[in-house]
Amino acid sequence: MGTTERRTAVVTVWRYALRLGVVLACLSGVELVLAAPAQAAFTTELSGLPARFTAGDQVRTVSAVVSRTDRRGGCVKVRWSMVLSVQGIRLDQVKMDRVEETGDFPLEIQTDGDVARLTDRQLDPGTLCPNRTVTARYRLAFAEDATDGRVTLAAEAYDANLRLLARQTATRSVVGAGGTPSAAAKPTVTAAPSDPAIAAEEESAEPVDDQPVDAAPPAPGRPLSQSGGFGVTQAAFLLGGLLLSLGLGLLLRLRHLTRTATIEADEPPVDRRWERPPADRWRPARR
């Protein structure tokens, strides 16, 4: 009886451990769903870009549009940040400002070499909701003395907590006054993924995005959320896989112990297998 009771106790302990593992695995799955980056539901587009810019030409209006494609979650406020990079021309030969229906929109400008970042000082007046968009308009012009070169625009949409929602990059050639367009300069548009880690990897491949100013927008009065290579999503995946392996191991162990306990319960003890039944003391004597 002692061995059977111990086996039963061990099976009970493993059964509760298995239940705990299943609960932890379910909680890990819920955490994984909640920790999935919300940026995957956002996209950004650049519109109004000409095939090329001409120095001294009229002012061009470029629009950045962010949209939300899913129906999950509520509405968010948007803060825009535009990164402008030039090659072959100087930043002082470029004029760019942000406009709204009420007039000029206040910007915080950071420059570093041939790269400038223009970030909204306040949130966009619009609200981004499912199946709706928020638009930012910029006026862009080049001085008459600008030479041939290239300009790259990277529109980035952030939420109120300065978390990157989506990013898109476009490159256009700039033709100097009296010059002819270069055949090698072709307009390119790059839609960067909304995951900040992947976006940072693709930025490193662009020759114009090596400037420190393009790393993150200024944070007026708020700390910027850090996004490393190993984030919450990766940790949730790792925890889920670990708990799944633990639950599978517990299940196999419980099955083995259950089968062993069942076999031992069906068989008689070893020390009693060859015992003979006691003789009947009241058997009548033969005559």
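Mentor: Rings of Phe, Tyr and Trp pair if their centres lie within 6.5 Å; planes under 30 degrees apart count as stacked, over 60 as edge-to-face and the rest as tilted. By this rule, the count here comes to one aromatic pair. That pair is phenylalanine 53 with phenylalanine 142. Keep in mind that this is a predicted model.

Trainee: What makes phenylalanine 53 and phenylalanine 142 an aromatic pair, and why is it called tilted?

Mentor: Their centres are 5.2 Å apart, and the limit is 6.5 Å, so they pair. The planes make an angle of 50°.

Trainee: Where in the chain do the two rings sit?

Mentor: Phenylalanine 53 is in strand E2 (residues 52-54) and phenylalanine 142 is in strand E11, 89 residues apart, so the pair links distant parts of the chain. Both phenylalanine 53 and phenylalanine 142 are buried.

Trainee: Now charges. How do you know that arginine 139 and aspartate 104 form a salt bridge?

Mentor: Look at the N to O distance, which is 3.1 Å. The cut-off is 4 Å between a side-chain nitrogen of Lys or Arg and a carboxyl oxygen of Asp or Glu, so the pair qualifies. This one also links distant parts of the chain: arginine 139 belongs to strand E11 (residues 133-142), aspartate 104 to strand E7 (residues 103-104), and they are 35 residues apart.

Trainee: Why is arginine 139 called partly exposed, and why is aspartate 104 called exposed?

Mentor: Arginine 139 has 33% relative accessibility, so it counts as partly exposed; that label covers whatever falls between 20% and 50%. Aspartate 104 comes out at 58%, so it counts as exposed, the label for values over 50%.

Trainee: How many salt bridges are there by this rule?

Mentor: Nine. Another one of them joins arginine 117 and glutamate 156, with the closest N and O atoms 2.9 Å apart. Arginine 117 lies in strand E9 (residues 115-120) and glutamate 156 in strand E12 (residues 149-158), 39 residues apart. Both arginine 117 and glutamate 156 are buried. There's a network too: salt bridges that share partners join Arg98, Glu100, Asp120 and Asp124.

Trainee: What is the N to O distance between arginine 98 and glutamate 100?

Mentor: It is 2.6 Å, and both arginine 98 and glutamate 100 are buried.

Trainee: What makes you say that the charged end of arginine 98 sits over the ring of phenylalanine 105?

Mentor: The distance to the ring centre is 4.4 Å, and the limit is 6 Å, with a further condition of 35 degrees from the ring normal. Arginine 98 also lies over the face of tyrosine 138, at 5.8 Å from the ring centre.

Trainee: Why is threonine 169 called buried?

Mentor: Its relative accessibility is 3%, so it counts as buried, since the cut-off is under 20%. Threonine 169 is part of strand E13 (residues 164-175). Its side chain has a polar contact of 3.0 Å with that of arginine 167.

Trainee: And is alanine 51 buried or exposed?

Mentor: At 55% relative accessibility, alanine 51 counts as exposed, because the label needs over 50%. Alanine 51 is in the loop between strand E1 (42-47) and E2.

Conventions:
Residues numbered from 1 in each chain as written. Predicted model: local features only at pLDDT ≥ 70, side-chain atom pairs only at ≥ 80, totals over all residues. Heavy atoms only, no water. Buried < 20%, exposed > 50% of the residue type's maximum accessible area, 1.4 Å probe, protein only. Helix = DSSP H or I, 4+ residues; strand = E, 2+ residues; numbered from the N terminus. Phe/Tyr/Trp six-rings, centres within 6.5 Å; stacked < 30°, edge-to-face > 60°. Polar contact = N/O pair within 3.5 Å; in protein donor to acceptor, adjacent residues only side chain to side chain.
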